[in-house]
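The stops below proceed from the whole chain to individual residues.

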Amino acid sequence: MSMMLAPAPAAVARWRRDWETVMRFYQPGRDEFLSAGLAAVEQTLGRSPERVLDVGGGPGTTAEAMLRRWPGAHVTVLDVDPALLALTGTAMPHVSTVRADIATEQWLASAGGPYDVVLALMTVHYLTADRVRDWYAEARQLLRPGGLLLVGDAMRDAASVVPAPPAGGGADPWAAWWSMLGGEPAMAPLLRQRAAVLTGLACAEFIAPVHWHRDAARRAGFADATVLHQRADHVLVSFRRSGDIR
Ligand SMILES: C[S@@+](CC[C@H](N)C(=O)[O-])C[C@H]1O[C@@H](n2cnc3c(N)ncnc32)[C@H](O)[C@@H]1O
């Protein structure tokens, strides 16, 4: 039997809280984005969703927020990162976790479904433009007819804004969070797994305007693209799965 150290639940709770602080740095108004998304789901479905897939759901903080609002829902968190999925699993054993890489179409085979809602927050920018186009078609296959896709990310012309350095010139909060985790002995085996899994995987830093996403989603069989919330260049857009693609 392995004597692997398991991260203590109290530490996991703290790291997940810190994760949210980091994500709020990159996505000011994050709570408003999520509220707008969850309200749109209820309005579109006319009820709470039964099955939800959070693509690139990381340590499951969004899943937790959804379960607070929809306690009867079955939520699946899919991510390529075994360390983040372990945080989700420790904090919320009742949430399904799936390790899969959305940079290839093979993720579909393990993603389950059909779902009422598929969401991807701050995740599609990891993919190349061609993959994002295909990803829309793949996400559609996971949705029930009439189901809703929520995509939240930076959306603008790639050249229109130069990314600002971290305020005060301090450490990048993302790098600082991972460095903090790297100092935790209980996370060492998971971080070794993570390093192996992420070898060769890079963030494409893909940024495109809302109309690009609308067009890609429409070609993939989605209708009713709706901007639910926008702050600076961060946008949350919903797309409804329409009937069969003609
Ligand atoms: C910036 S984080 C956002 C996490 C979460 N959606 C949130 O808002 O808190 C991006 C997430 O996408 C995941 N990710 C990046 N590339 C991926 C890939 N190729 N396949 C699956 N997940 C990926 C990362 O591991 C990470 O959890």
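A residue is called buried here if 20 or more other C-beta atoms lie within 10 Å of its own, exposed if 12 or fewer do, and partly exposed in between, with C-beta atoms placed from the backbone. By this criterion, 36% of the 246 residues in the protein chain are buried. The model is predicted: local features need pLDDT of at least 70, side-chain atom pairs count only at pLDDT 80 or more, and totals for chains, interfaces and linings use all residues. Residue numbers start from 1 along each chain as its sequence is written.

**Whole chain**

Helices (H or I, at least four residues) and strands (E, at least two) are DSSP runs, numbered from the N terminus. Along the principal axes, the C-alpha atoms fill a box of roughly 55 × 40 × 30 Å.

For contacts, the criterion is that the C-beta atoms of two residues, placed from the backbone, lie within 7 Å. Among contacts between residues at least 6 apart in sequence, 69% join residues at least 24 apart.

**The ligand shell**

Next, select the ligand and its surroundings. A residue is near a molecule if its C-beta atom, placed from the backbone, lies within 6 Å of it. The ligand has 18 residues around it, of which G56, G58, V80, D81 and Y126 come nearest. Colour the shell by residue class: nine are nonpolar, six polar and three charged. In this scheme Ala, Val, Leu, Ile, Met, Phe, Trp, Tyr, Cys and Pro count as nonpolar, Asp, Glu, Lys and Arg as charged, and the others, Gly among them, as polar.

**Helices α4 and α8**

Now select residues 82-91 (α4) and 188-198 (α8), whose axes are 7 Å apart and meet at an angle of about 135°. This makes α4 oblique to α8, since angles under 35 degrees count as roughly parallel, over 145 as roughly antiparallel, 65 to 115 as roughly perpendicular and the rest as oblique. The axes are lines fitted to C-alpha atoms, for helices over the stretch in contact, and the angles run from 0 to 180 degrees between N-to-C directions. On the α4 side the contact involves P82, A83 and A86, and on the α8 side L190, L191, Q193, R194 and V197. Six of these contact residues are nonpolar, one is polar and one is charged.

Which residues of α4 are buried? They are A83, L84, L85, A86, L87 and T88. Their cover includes α1 (9-26), α3 (61-69), β2 (74-79), β3 (96-99) and α8.

**Backbone exceptions**

Most residues other than glycine have a negative phi, and most peptide bonds are trans. Select G113 and P114: the peptide bond joining them is cis, with omega about 5°. P114 belongs to the loop between α5 (107-110) and β4 (115-121).

Move to M122, in the loop between β4 and α6 (129-142). Phi of M122 is positive, near 55°, and the residue is partly exposed because 19 other C-beta atoms lie within 10 Å. E205, in the loop between α8 and α9, also has a positive phi, of about 55°. With 11 other C-beta atoms within 10 Å, E205 is exposed.

**Two buried residues**

Select V132 in helix α6. It is buried, with 23 other C-beta atoms within 10 Å. Leaving out residues up to four places away in sequence, V132 touches V124, L127, F206 and A216.

Then take F239, in strand β7 (residues 234-241). F239 is buried, with 27 other C-beta atoms within 10 Å. Beyond neighbours within four places in sequence, F239 contacts L149, A217, F222, D224 and A225.

**Final stop**

Finish at R219 in helix α9 (residues 210-219). R219 is exposed, with 12 other C-beta atoms within 10 Å. Its C-alpha atom is 8.1 Å from that of A137, 82 residues away along the chain.
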